[in-house]
Amino acid sequence: MSNAAAPVADSTANWVDTHAPIWMRPYLRLSRFDRPIGWWLLLLPCWWSAALAAGIAHNVRDLPLVIVLFFIGAVVMRGAGCTWNDITDRKLDAQVERTRSRPIPAGQVTVTQAAAFLVLQALIGLAVLLQFNGFAILTGIGSLAIVAIYPFMKRITYWPQVALGLAFSWGALMGFAVILGRIDATALVLYAGSISWVIAYDTIYAHQDTEDDILVGIKSTALLFGERTQMALTIFCSLAVLLIGVALWRGGSQWPAWIGLAAFAAHLVWQVRTIRIDNPALCLRLFKSNRDAGLMLFVGLLADAVLRSY
């Protein structure tokens with residue numbers, strides 16, 4: 001086994017490297033605890049849908065607990081998903097400069113150890129899921145098929161970001177399932193809007209790795225769009241705003257939610273205007289900024305839910 005204290009090349013000088021016990025560091029890196037942006041992006045559609053559904057129900061009584069449970073669930077299930085991704089991609093990761101220092105290709109943990117850690121995280125996620133109603137439990141379980149196949153999509157299609165969008169946007173359905181006990185057209189439109197957002201931000205992210213991806217045969221929308229990326233981002237960001245707006249309209253949202261959507265839209269416009277696909281550091285910064293965009297929308301939806309409940 002290699003040195004467990006050795007950092008991952010694209011995530012250094014973080015709290016895992018400096019404060020976590022050495023034996024724990026490879027596992028924290030497997031679940032990306034050193035990079036919280038992933039669980040933020042998984043969590044935000046959950047929070048959007050929970051707030052929108054609470055507004056529709058005119059009842060925020062259960063919303064604080066749901067927000068906390070979604071937070072825990074998003075952190076552990078994002079970790080489980082990343083662990084599964086590292087298990088399936090270990091040979092590809094070993095060929096890419098940015099990822100060859102990840103725990104499995106670096107020899108910090110074995111595949112068996114990573115699989116056991118995956119099971120542990122999944123069990124914690126299941127414990128969270130069991131706090132919800134039966135329909136929500138079945139809805140949550142339904143996401144596992146998409147999560148399982150996602151790592152393989154980049155081997156067979158230039159649209160793996162669609163599969164990621166289906167998985168990372170699942171929370172847009174979960175809030176309705178938990179709060180209202182149903183998934184209706186409003187939830188599905190919100191889901192579609194979130195998928196469009198995911199395709200946009202993960203295209204930005206994928207532009208960090210285009211040269212390595214070509215060498216090892218990995219496909220992505222970044223490679224598909226190439227020099228047309230800015231135009232493609234314009235289309236998908238516009239779709240995201242339009243579809244989320246339709247969901248708000250269908251849900252009877254009031255002015256705070258629309259202000260949140262306007263702030264979300266303005267942030268996406270800034271991203272599209274700012275991006276330079278030949279600047280990996282800028283692409284990473286823009287990708288991470290989507291947490292702020294999503295939080296703006298959530299704050300508006302939350303304020304709307306509270307306003308409609310009193």
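In this predicted model, Trp255, Pro256, Ala257, Gly260, Leu261, Ala263, Phe264, His267, Leu268 and Gln271 of α15 are in contact with Asn290, Asp292, Ala293, Gly294, Met296, Leu297, Gly300, Leu301, Ala303, Asp304 and Leu307 of α17, contact meaning heavy atoms within 4.5 Å. By class, this contact has 13 nonpolar, six polar and two charged residues (Ala, Val, Leu, Ile, Met, Phe, Trp, Tyr, Cys and Pro count as nonpolar, Asp, Glu, Lys and Arg as charged, and the others, Gly among them, as polar). Helices are DSSP runs of H or I with at least four residues, numbered from the N terminus. Residues are numbered from 1 along each chain as its sequence is written, and side-chain values use heavy atoms, without hydrogens and water. Local features need pLDDT of at least 70 and side-chain atom pairs count only at pLDDT 80 or more, whereas totals for chains, interfaces and linings use all residues.

Helix α15 (residues 255-274) and helix α17 (residues 290-309) pack at an angle of about 170 degrees, and their axes are 7 Å apart. Axes are lines fitted to C-alpha atoms, for helices over the stretch in contact, with angles from 0 to 180 degrees between N-to-C directions. The angle makes α15 roughly antiparallel to α17 (over 145 degrees).

The structure holds one cavity of 30 Å³ or more. On a 1 Å grid over the protein atoms alone, a cavity is a set of points where a 1.4 Å probe fits but cannot get out, and a pocket is an open set with protein on both sides within 12 Å along at least five of seven lines; lining residues have an atom within 4 Å of a point. Grid points are joined across faces, edges and corners, and a volume is the space filled by probe spheres set on the points. The largest cavity has about 40 Å³ of space. Its lining consists of Trp197, Ala200, Tyr201, Ile204, Leu233, Cys237, Leu268, Gln271, Val272 and Asn290. Eight lining residues are nonpolar, two are polar and none is charged.

The second largest pocket has about 180 Å³ of space. Of its 14 lining residues, Asp62, Leu63, Val66, Val178 and Ile179 are the closest to its centre. Helix α4 gives the most to this lining, with four residues. The lining has 10 nonpolar, three polar and one charged residues.

Methods: Helix = DSSP H or I, 4+ residues; strand = E, 2+ residues; numbered from the N terminus. Parallel < 35°, antiparallel > 145°, perpendicular 65-115°, else oblique.
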